[in-house]
Amino acid sequence: MNSPIAPPPTAAPVRAPADAPARRRGNGRALIWLCGGALAFNLLLVLAQLALIAWNGLGYFWQRDLVSFELGDGRRLLGEVHAREHFRPADHPAAEELPWRIQVKVANREHTGADFVWIEEREIVRRAEPADALHFERSEWGNFHGFLRELHRGEQLLASGDAAWPALLEQIASAERQREALLDVEKGPLGDVQYALDALRLDRRRLELDAPAADERARRTAELDAREKQLDQEFAGLSERIAGLRAELESVRATCELADGTRVELPVGGLLTALRPNEMSTFDKLLCWGGRIFGFLVDQPREANTEGGIFPALFGTVLMVFLMSVAVVPLGVLAALYLREYSRQGPLVRCVRIAVNNLAGVPSIVFGIFGLGFFVYGIGGTIDELFFPEALPRATFGTGGILWAALTLALLTVPVVIVATEEGLAAVPRAVREGSLALGATKFETIWRVVLPAAAPGMLTGVILAIARASGEVAPLMIVGMVKLAPALPIDHHFPFVHFDQKFMHLGFHLFDVGFQSPDVEATKPLVFATALVLLVLVVAMNVVAITLRNRLKSRYAGSAL
Amino acid sequence: MANDLDERIAPAASGPPRPVLPPSKRLVQRRRNDRLARWVVVAGGLAIIASVLGIFLFLLAQVFPLLRGARVTPGGSTPIASARPLAVLSDEAATHLATLGDDGVVRVHRRGDGALVAEQPLFPPTADGRAPPVTCGGSLFGDPGFVAATADGRVAWRAIRFDVDHRPEGPVVTPRLEPIVELVVDPQGHAVTACASSARGSSSGVVAQLADGSLFLIERVVEENLFTGEQTAATAERALACPAPLTRLVVDARRENLFGATTDGRLLWWNLLDPAAAEPRVRSVGAPITALSLLIGDQSLVVGQQDGSLTVWNRVQPEGEASRLTETHAFPRRAGAVQLITPSWRNRLFLAVEAGDRALVGFSTSTRVLWEGDLPLAGASAAAIAPKNDALLLAAPGRAERLAFDCPHPEAGLDVYFGKVWYEGYAKPEWIYQSSSGSDEAEPKISLVPLLFGTLKATLFSLLFAVPLALFAAMYTSQFMHWSLRRFVKPAVEIMASLPSVVLGFLAGLWLAPRVADFFLGLPLFVLLAPLAVVAAGRLGMALPARFRHRFHDGAAALGFIGVLAATLAAALLLSRPLEVAWFGGDFVAWMRSALGLAFDQRNCVVLGLAMGVAVIPIIFAIAEDAFSNVPKSLVSGSLALGADRWYTVTRVVLPTASPGLFSAVMIGFGRAVGETMIVVMASGNTPVMDWSPFNGLRSLSANIATEIPEAAHGTTFYRTLFLAALLLFALTFAANTAAELVRQHLRQKYARL
């Protein structure tokens, strides 16, 4: 530190300086350093967190080399080394150096029981990196590590030895096309039939509730019966087609050898990707890394969210935040306009302003429980009774859903928008308004054409801050509509296209659920880091935009001095 | 401002010198639009603000029913045939009333018209065909049915089934009396003077005292042959010592504890599990005991006395002593003698009828009187609470009365939420929170004090960490840093505010917690070393050539300190292991447990405080930085001009001026910490303990709401209790934020004057 106002020591006054100020100066400098240290520690915290999440989150997608281990007790393992640490064996003498152990991802969950194992370094007899070690990503049972031996279709041998690997890659590519065809049928026609059957069931119930005259009832029943028969036929036909596609997928099988020499057969239809990591160059790995990041963002989750992508969670978050913005912007702007432009400034408005500011500090969980009581049970329950009696006791709107979540968050973030918009309105110079009024514009025209456009950056800042807060908020949503796994997106091609009553997935809840409520927390931690990274990037990016906008707004009017 | 427009436009449009033109069509249209817009904005704005304030009212409305007492309204009387009913009961649908008369006959009446639907004796006729006189009788607990004892030494009971047939026009209930179960207590035919019974599955039992003072426990076990379906009953008899003739006798469902009362005011307790202890333990309670009843769960014993005292007794075991009956709850003394006490089958409600045809409904856990009032019939000899707790039943000679009883939340009350409560099985009154257990028999423990304590504890630890760091950093940024650096540093710290708390919670719970446990000593070591390292680095920096130093802006040192602190942290962590070996036997956690007796949870308050501190720092920092920066420059210049150095100026001039703003920053940080949910859910272990140890977990109000509300059914007491917790959070943060806001507004005015 260098203090410009400290008088140079040579310029001492005639009288000797008092003792105290000199001592103060010496102390002062050290204390200033300590303050600087506090700031440095804060910055360190920010950097460390971002670095930690980025490193772990991005590292999740990196394909590590496969290492084979031979242990002292004769066990053989093949896996990726994930961590190395000191550990404390039960009978370890306290004073001695602690031994090292390494964490190996051995995969092959159905054979080994757990994805990860810890092995003590002193037990390792031999370690190697065999070039032909295989890494499969599978649709079930997680990853597979082993060696490829043969490829069969039914009883017929397709390839073996060195020829097996290119043949396998070919088969995997064709299996992927088949899987897509299968998915098209399942999601398309089959989904439609199931949807129609579900609607039919509700129609029957509605008929019962309506209790029309006998002939009317007979007519409608006959209609429903005919439709059901047709749907059932369609359903049977589609099921057959799906069964055929499935059988085809199952027909090609790869014979592989595990690290301990056991032979297993894997259906190629269940393999998503096949790699020989030890043969890959750094550039190959980098390509693979980029592909995995992309896949993570656009794929469906597998194995109860512990593998695969996070697309539905990302989609749910974005859609919910979008719905929230649609609700919060008009509300917030209207309230801010009232407070700043139309109300008489006095003690009452001051109180209201304090209340609105306070609301921004009310814990989000309070909004959550309010949303549950008011939106879900109050309004939703009433809607169900009035409009969806045929579905009762299964609740349609009387349970958590994306609409209620969006409205709850809109309430939570409305103070942010009000405050930011008010700031934006206040920053518009009085002269600009007066100019507009003097030219004969009405008050509304002045606000609409002159003030609001000028205040737009302020409003935008508010909206972005609201969105950033909403996308990171989890606690209130746990109550009003988030679920671990939503089978369908809230938007599809069935009328009315956007299903406001549907539960949805959310990045934040996905993180909480996978990180804390999955059976093997240790194994899913890397994926949670990756999810955290996505969430963080989303939120931080929006905040950076908001801060930049705010600064621009400040500098735009700071110089005008009007 | 509202009339700006009219004032401005009016003179221009209708100046006197010019001829008055009728406003053009377009102007009319524009004015109409303007009025419409004003109307929409004002109405919309007011509505939004009102609805925002409505949140508070909604929460209040959800909580309010908790504090309401019971409502009792007449529900119609039914004529009955029993001359003097000993017991009364009704079915769940409240279609029928059954009574046991003192002639030993069970009669079932249809409610409303009073038609006699069934009439059967409780005792099989004796050899001579006469019905023996009944000496005492009552209702079974938990199942509709009656039990009675005779003057010739027999005890019998009979259950009543109410078969429900769900027809389209409504359910039809048909009462049906089960076969009689009879036990002969005394083959010699001495009269039974007091009896108590219990039934649980295939085993049932009776305790009876005979006229000669002897007391017997008779148990009957029915075994069913799996192949033939044939039932065989075996009975076992056991004699118990009894010092005096008993007036009241109660036994629990498992027949583990027997309670008796005497006319001279003694309360006796036999522990039946202990075969050696045939002798009762005796407590003298003063006035003669006139009514006695166990509540659901078979722990609390309600005692009513001649002098009107109404108390609840429990078996309490003080530390290191044998357990004994202790008075745990005392209700306000009644005017007349307590004649009848009858328990609810669902919770710890009971109905007590006293002399003078008055009654009271109380709840034992909270010692709360939910209702008291006059009875609509005189001389009630039997009373009951209907199976669904929706009515009180009273029977007097020739007439039975049903009083509709509405009390949705008897277990609530301010005392329960905030006061110490003496729960069953505890040695003294305590604050306890326990998650719902699902069974009615478990006493609900819903004190909010442990949760409030957890909330404040978590807040305290996080503020201890966050406040100094944030305030000092804010002071440095605003006072000692060049604006070109400040421009980047401020947003960087504010980015911290945008970190979603779920990410912080995840990092704290899964990444930080195990590392803190492994390197615990590193933390205090770092706290010690960091200031030294910073000062040393500062000195070193001063030693650099001045020409080199002057190339940096003020405050660049802080950026250099980041590296210094990172290195110090690494060093502290590396040193923690050798220190542990040298001083703490190689394992700090084990050492702490054995030497200090402190438990160490992995998810403890240190981890929680760090994580929540990180969440709170940016908020405090931002507001404090504003407060420092808003101190008028003239004050600083004045101080510097008078010869004070910068540190002196900052501590003696800037700090006092900005202090209200700092207070407001801390209050807002407090508000944020109090309401923080996900971090607490993920990093605190969620154990509702009340303990100041920093190595324990805790459970906060907010985390409790988040984890429990999915289990709470809409409208139940538990559901509303969680709303009360939310209201409490709301109030806490509202108070903190309002204080901060008022201080801030005051400050703004002060600066305006300076």
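This is a predicted model: local features need pLDDT of at least 70, side-chain atom pairs count only at pLDDT 80 or more; totals for chains, interfaces and linings use all residues.
The contact between the chains takes 81 residues from chain A and 94 residues from chain B.

**Chain A: overall form**
- Chain A is more spread out than a compact globule, because its radius of gyration is 32 Å, well over the 24 Å that the globule rule gives for 562 residues.
- Along the principal axes, the C-alpha atoms of chain A fill a box of roughly 100 × 95 × 45 Å.
- Of the 562 residues in chain A, 36% are buried.
- Take the contacts in chain A between residues at least 6 apart in sequence: 70% of them join residues at least 24 apart.

**Chain A: domains**

**Chain A against chain B**
- The contact draws 81 residues from chain A and 94 residues from chain B.
- Elements of chain A that give two or more residues to this contact include α1 (19–59), α6 (311–342), α8 (364–387), α11 (443–472) and α14 (521–558).
- Also among them are α7 (347–359), α12 (475–480) and α13 (507–517) of chain A.
- The largest share of the chain A side comes from α1(A), with 21 residues.
- By class, the chain A side has 59 nonpolar, 17 polar and 5 charged residues.

**Chain B: overall form**
- The radius of gyration of chain B is 38 Å, whereas a compact globule of 754 residues would have one near 27 Å.
- The C-alpha atoms of chain B fill a box of roughly 125 × 100 × 55 Å along the principal axes.
- Buried residues account for 45% of the 754 residues of chain B.
- Of the contacts in chain B between residues at least 6 apart in sequence, 60% join residues at least 24 apart.

**Chain B: domains**
- Chain B is assigned domain 1 (91–240), domain 2 (449–516 + 602–753) and domain 3 (522–583).
- The centres of domain 2 and domain 3 of chain B, taken over C-alpha atoms, are 26 Å apart.
- Where these two meet, 7 residues of domain 2 of chain B are in contact with 6 residues of domain 3 of chain B.
- The domain 2 side of that contact in chain B has 5 nonpolar, 2 polar and no charged residues.

**Chain B: a helix pair**
- Helix α4 (residues 449–479) and helix α11 (residues 605–629) of chain B pack at an angle of about 35°.
- The axes of α4(B) and α11(B) lie 6 Å apart.
- The crossing of α4(B) and α11(B) is right-handed.
- Residues of the contact of α4(B) with α11(B) comprise 23 nonpolar, 7 polar and 2 charged.

**Chain B: K388**
- K388(B) sits in the loop between β27 (382–385) and β28 (391–396) of chain B.
- With 15 other C-beta atoms within 10 Å, K388(B) is partly exposed.
- K388(B) and S344(B) are 44 residues apart along the chain, and their C-alpha atoms are separated by 8.6 Å.

Terms used:
Residues are numbered from 1 along each chain as its sequence is written. Chains are lettered from A and ligands numbered from 1 in the order in which they are written. Axes are lines fitted to C-alpha atoms, for helices over the stretch in contact, and angles run from 0 to 180 degrees between N-to-C directions. Helices (H or I, at least four residues) and strands (E, at least two) are DSSP runs, numbered from the N terminus. A crossing is left-handed if the near helix is turned anticlockwise from the far one by less than a right angle, and right-handed if clockwise. Ala, Val, Leu, Ile, Met, Phe, Trp, Tyr, Cys and Pro count as nonpolar, Asp, Glu, Lys and Arg as charged, and the others, Gly among them, as polar. The radius of gyration is taken over C-alpha atoms; the globule rule is 2.2 Å times the number of residues to the power 0.38. A residue is buried if 20 or more other C-beta atoms lie within 10 Å of its own, exposed if 12 or fewer, and partly exposed in between; C-beta atoms are placed from the backbone. Domain bounds come from an automatic or database domain assignment.
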